[in-house]
Every structure is written in structure tokens, then in C-alpha cells.
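Work through the following exercises with the sequence and the structure at hand. Each task is followed by a solution that goes step by step.

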Amino acid sequence: MSVEIHNETEHECDLEQLGSLAAFLMDELYIHPDAELGVTLIDDEAMEQLHIDWLDLPDTTDVMSFPMDELRPGTPQRPTPPGVMGDIVISPTVAAKQAKAHGHSTQDEICLLLTHGFLHLLGFDHDEPEAKAEMFGLQRELLEKFLNRPAPKETETH
């Protein structure tokens with residue numbers, strides 16, 4: 001498994017925990033051990049530019065996912081094939097604002113955003129109520145298992 005995590009901001013972040021979370025998610029969703037994933041924490045200016053370039057939406061956002069090989073969750077009997085999952089970019093500035101609004105730590109919010117972005121890379125979405133319930137339910141379940149405590153509250157704009 002190849003997970004590269006970079007913090008291109010001045011925000012403090014536990015990158016080791018994020019690496020552990022990424023490995024945990026890969027195991028839980030039966031992603032091939034040779035799969036590749038990139039996670040980068042970027043500033044709001046860079047996030048806003050990505051948001052405009054890729055989604056034609058103004059302003060910054062909390063997390064964006066860029067799938068590559070369109071992998072889907074595997075099963076114990078049939079893990080995903082090896083491949084490149086893609087990249088997740090996270091704004092610690094937006095994460096800090098959302099964390100404050102919900103009364104949890106910025107690190108917990110970044111873990112939530114990493115999990116959210118990871119699920120997007122695997123084809124999950126939240127455009128429709130049923131899809132949202134499935135994605136957010138799995139997100140909560142995975143985070144609670146990883147953190148060994150209740151998951152942080154999701155921001156409705158995810």
C-alpha cells in the first residue's frame with residue numbers, strides 16, 4: 001500500500017494519524033495492498049482554485065477528491081485490483097471552522113474529511129437522499145471504529 005500524505009499549510013496536523021486512518025480504510029474496504037493514494041492539505045487559495053477549475057464553483061471548500069482508476073470497495077474474498085485510487089485534498093482552514101461550529105477538534109474534522117474523500121474515490125456520493133444515507137452511515141461507522149468513540153458530527157455541506 002502506498003499512501004502519501006503532505007501538509008502544504010502552516011496548520012498543525014497529525015499526519016501519522018491520517019496515515020493510520022488511510023491504511024485502516026483500505027483494510028476495511030478491502031482495497032488491494034498495492035493501491036496508491038495521495039492526501040494533501042492545502043491552503044484556501046489553492047483549494048478555491050481547484051474548486052473553480054474542476055467544479056466551476058466559486059469560493060473554497062473543505063475537501064475534494066480526484067479518482068483515478070475508479071476502484072470500488074472489495075470484499076474479503078475479492079479485494080479490489082491494484083491501482084491508483086487517486087488524490088484527496090483537504091483545507092485545514094475550512095476544517096477548523098467546521099470543527100469549531102460542531103464542537104470537536106480540527107484533527108477530528110480532518111479525519112472526517114479524509115474518510116469522506118476516501119469514500120468519494122470509491123464511487124460513493126450524496127446527491128440523492130438514499131445515497132447520502134448510505135455514504136454518511138458508512139462514514140460514521142468507519143470513523144467510530146477507527147477512533148473507538150463516537151464520530152464527529154458531519155457538516156451538512158459535505
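Two strands pair if DSSP finds at least two bridges between them. The model used here is a predicted one.

**Exercise 1.** Determine how many bridges join strand S1 to strand S2, and state the handedness of the crossover between them.

*Solution.* Begin with S1, which covers residues 2-7, and S2, which covers residues 36-41; 6 bridges join these strands, and they run parallel. Within this pairing, His 6 stands opposite Thr 40 in S2. Next, follow the chain from S1 through helix H1, residues 15-28, to S2, a β-α-β crossover that is left-handed.

**Exercise 2.** Describe how helices H3 and H4 are placed against each other.

*Solution.* First take the geometry: H3 (residues 92-102) and H4 (residues 106-121) pack at about 115°, and their axes lie 8 Å apart. Angles from 65 to 115 degrees count as roughly perpendicular, and H3 and H4 are therefore roughly perpendicular to each other. Their crossing is right-handed. Then turn to the residues, where Pro 92, Ala 95, Ala 96, Gln 98 and Ala 99 of H3 meet Thr 106, Glu 109, Ile 110 and Leu 113 of H4. Sorted by class, this contact has 6 nonpolar, 2 polar and 1 charged residues.

**Exercise 3.** Carry out the corresponding description for helices H1 and H5.

*Solution.* The axes of H1 and H5 (residues 129-147) come within 11 Å and cross at roughly 125°, and the two helices are therefore oblique to each other. The crossing of H1 and H5 is right-handed. On the H1 side the contact is made by Gln 17, Ser 20, Leu 21, Phe 24, Leu 25 and Glu 28, which meet Leu 142, Lys 145, Phe 146 and Leu 147 in H5. These residues divide into 6 nonpolar, 2 polar and 2 charged.

Notes
Residues numbered from 1 in each chain as written. Predicted model: local features only at pLDDT ≥ 70, side-chain atom pairs only at ≥ 80, totals over all residues. Heavy atoms only, no water. Helix = DSSP H or I, 4+ residues; strand = E, 2+ residues; numbered from the N terminus. Right-handed = clockwise from strand over helix to strand, strands pointing away. Axes fitted to C-alpha atoms, helices over the stretch in contact; angles between N-to-C directions. Parallel < 35°, antiparallel > 145°, perpendicular 65-115°, else oblique. Left-handed = near helix turned anticlockwise from the far one by under 90°. Contact = heavy atoms within 4.5 Å. Nonpolar A, V, L, I, M, F, W, Y, C, P; charged D, E, K, R; others polar.
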